[in-house]
Amino acid sequence: MDACDEPDCSATLKELDVFLDDELSPEARTTISHHLDACPDCLSAFDFHAELKQVIHQKCLNDEMPADLLSRIEKCFNTDFDGDGKIG
């Protein structure tokens, strides 16, 4: 049986991105860390996600954000992300 057929594997794989972004509770983070220590298949998936995230970050460092991108995002979410008191 493949190790990632276990329920803990499914839950772990669903949480990998938020785990990498350090957005989980300390308890959830500990649970996933323990699972990754014991499951080579999930650890491999984690390594892939971590490397992909790093590559995307590196590629985006050299690209300037289009001038109107933040304005368009604010309009989509109807939220003032840059704190300038206006949306868009």
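I looked up Lys53 to begin with: at 37% relative accessibility, Lys53 counts as partly exposed. For my own reference, buried means under 20% relative accessible area, exposed over 50%, and partly exposed in between (1.4 Å probe, protein chains only).

A note on what I'm working with: this is a predicted model, where local features need pLDDT of at least 70, side-chain atom pairs count only at pLDDT 80 or more, and totals for chains, interfaces and linings use all residues. Residues are numbered from 1 along each chain as its sequence is written, and side-chain values use heavy atoms, with hydrogens and water left out.

Next I asked how many salt bridges a search of the whole structure finds. I got three, counting a side-chain nitrogen of Lys or Arg within 4 Å of a carboxyl oxygen of Asp or Glu.

Lys53 turned up in one, with Asp21, at 2.4 Å from N to O. Lys53 lies in helix α4 (residues 40-61) and Asp21 in the loop between α2 (16-20) and α3 (26-38), so the pair ties together parts that are 32 residues apart in sequence. I took the helices as DSSP runs (H or I, at least four residues), numbered from the N terminus. Asp21 is partly exposed too, at 34%.

Then I checked Asp22, whose side chain meets that of Arg29 in a salt bridge, 3.5 Å from N to O. Asp22 is exposed, at 52%, whereas Arg29 is partly exposed, at 28%.

My last stop was Asp68, which forms a salt bridge with Arg72, the closest N and O atoms being 3.1 Å apart. I have Asp68 down as partly exposed at 37%, and Arg72 as partly exposed at 45%.

How values were computed
Helix = DSSP H or I, 4+ residues; strand = E, 2+ residues; numbered from the N terminus.
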